[in-house]
Amino acid sequence: MKIRTERSTLLFNIVGYVVISILSLLCLLPFWLIISGSFSSEAEIVRDGFKIFPSEFTFSAYQSVFSNPQQIFKAYLVSISLTAVGTLLGLFFISMAGYVLSRKDFKYRNSLAFFIYFTTLFSGGMIPWYILIVKYLDWKDSYLALLVPMMIGAWNIILMKNFMKSIPESIVESAKIDGAGEFTIYSKLVLPLSTPGLATIGLFLGLAYWNDWFSANIFITTEAKYPLQFLLYKILASAAVLKTSVAANLSADFKPPTESLKMAVAIVVTGPIIFLYPFLQRYFVKGLTIGAVKG
Amino acid sequence: MSGFIAELRKNKILFLMIAPVLVFFVVFSYFPMVGVYYAFTNYNFDGGLFGSPFVGMQNFKFLYESGALFSLTKNTVLYNLAFIFIGNLLQIVCAIFLSELTGKWFKKTTQSIMFLPFFISFVLVGAFVFNLFNTETGVINALLKQLGMHTYDFYMNTEPWKYIIVFFNVWKGLGYGTVIYLAAIMSISDEYHEAAKIDGANIFHRIRYITIPMLVPTFILLILLSLGGILKGQFDLFYQIIGSNGMLYETTDIIDTYVYRSLAVNFDIGMGTAAGLYQSFFGFVLIMSVNWIIKKTREDYALF
């Protein structure tokens, strides 16, 4: 009997380790291929294609990227600014709304919550939304079009409300008896107690801003205003050429490294997320397990 | 009405605090709902909302008669079904393995790796696809060349892209879903497993008779919620993988990519809005039905 149980556990463990290892490798493989491509020489890629291991290891693609880094720095600046401003403003408005909706003595909280929730059930579609922003708000080629439309989402408000509901009501009530105003209660008492919720929603928002390429795709026409992901998209699609000093200084028929350069740009653009990843993941997992399944 | 004004006066600050969000939704969600009127016009930019010629149901009729509506709906629904079922099943498998395996370091590392794709942008997914499948320099064709075999022109064949799209969707959501299911497994009381062990159940028995039955409610809830959104396509995924490669539309065009092309490529505002309205309307009907079903069976899980 004892031996049989051990055997089934052993079998389970072998299958488990194998399956999980294979899936993990599959998750890593595309990243590895991009890294490998970025360190390959252009001649090798043109001759043999991208390989799993480069046979000639070279930094030349990165040298090209950083030989004239203004364009990428500018795009970094745009993305960082949008992410920071958008996330902070979004958290401010979302948490205020969440606070109001979590107040049980607020008479209209259910109707207002439904007014917000309804936007997830039915929408006018992308085209009326686009025409509103371009024709009526006149935000074509404006940073506002990248910042405002994605700032507030109904799900984030609902999530915030659920996080705040778990704060004991007695805290709010005793502050009210002491004569504190609503905004003071929100900013001094409720917000500090809602840090897990703020962290989770802040990460959702920040990630959405950082990874956004679509808004720029339909709203931005000036190349200098491209955020990072959209610049990468344009370079990958060969619709924009990275302005390297190599390309600028040489004659028109000189062909700069393109394939390995695309891979190097992908790495340079994604790098920060990978470095922040251990931190991001910890908060994400925490927030998800607290609130997301059913708040 | 006077009751509302009294309430407004009493809770002035609360109303002020929620006002920005309400204004936001009026402008960016409710105002565009008026714009579904475009679907019934032959829109031109000068005429605007009410100056363009009214054509009634003509746009919908064209979408229906050209067969576009059927093939777009079919693609959208089938892709979503594949995403939902393959995705959830793999997530459950991973969650069960991760909950039972004992190597702490192994579990932590692999879980981190599997969560990584969730954090990257779809543009990078596009870079992966370019790196793997492009005809001249892609990894797969490079391998085929090295082995002395004929290269395969992915961009001329519709068949492989179904699997590529499903693969990358499942790939991107694996870690996220695993965390959700892992949380559900962790909430199962240890007593069940201990009792089963004493009764001589092996690990397969315990998974079959304890873990899986306990996961069923979470599974059904997640499936139902996803079914409500089955007409909504993942634009980012499809656009970054397929792009504007018309050769592949037959099997890879979904409602969202069609709407996008109506706006950005064909400039057919009326037709695009009509397709979008069709999606929104039936999406609404679907989610109401799903909610009705949940309410009938498990009231506490209902959305509203």
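Predicted model: local features only at pLDDT ≥ 70, side-chain atom pairs only at ≥ 80, totals over all residues.
Which residues make a nonpolar surface patch of about 1,000 Å²?

**View 1. The nonpolar surface patch.** From chain A, the residues that make this patch are A:Leu10, A:Ile14, A:Val18, A:Ile22, A:Leu26, A:Leu29, A:Trp32, A:Ile35, A:Ile52 and A:Phe53.

**View 2. Helix α1 of chain A in the patch.** With eight residues, α1(A) gives the most to the nonpolar patch.

**View 3. The contact between chain A and chain B.** Chain A brings 99 residues to the contact, and chain B brings 101 residues. About 9,100 Å² of area is buried between chain A and chain B, and carbon and sulfur atoms give 79% of that area. Helix α1 of chain A, residues 2–38, supplies the largest share of the side of chain A that touches chain B, namely 21 residues. Sorted by class, the side of chain A that touches chain B consists of 69 nonpolar, 20 polar and 10 charged residues.

View 4. Between chain A and chain B, 16 residue pairs are in polar contact, counting pairs with both residues at pLDDT 80 or more.

Definitions and conventions:
Residues numbered from 1 in each chain as written. Chains lettered and ligands numbered in written order. Heavy atoms only, no water. Contact = heavy atoms within 4.5 Å. Buried area = accessible area lost by both parts, 1.4 Å probe. Polar contact = N/O pair within 3.5 Å; in protein donor to acceptor, adjacent residues only side chain to side chain. Helix = DSSP H or I, 4+ residues; strand = E, 2+ residues; numbered from the N terminus. Nonpolar A, V, L, I, M, F, W, Y, C, P; charged D, E, K, R; others polar. Patch = residues over 30% accessible without salt bridge, like charges linked within 9 Å, V, L, I, M, F, W, Y side chains within 5 Å. Areas by Shrake-Rupley, 256 points an atom, 1.4 Å probe, with all protein chains shown as cover. Salt bridge = Lys/Arg side-chain N within 4 Å of Asp/Glu carboxyl O.
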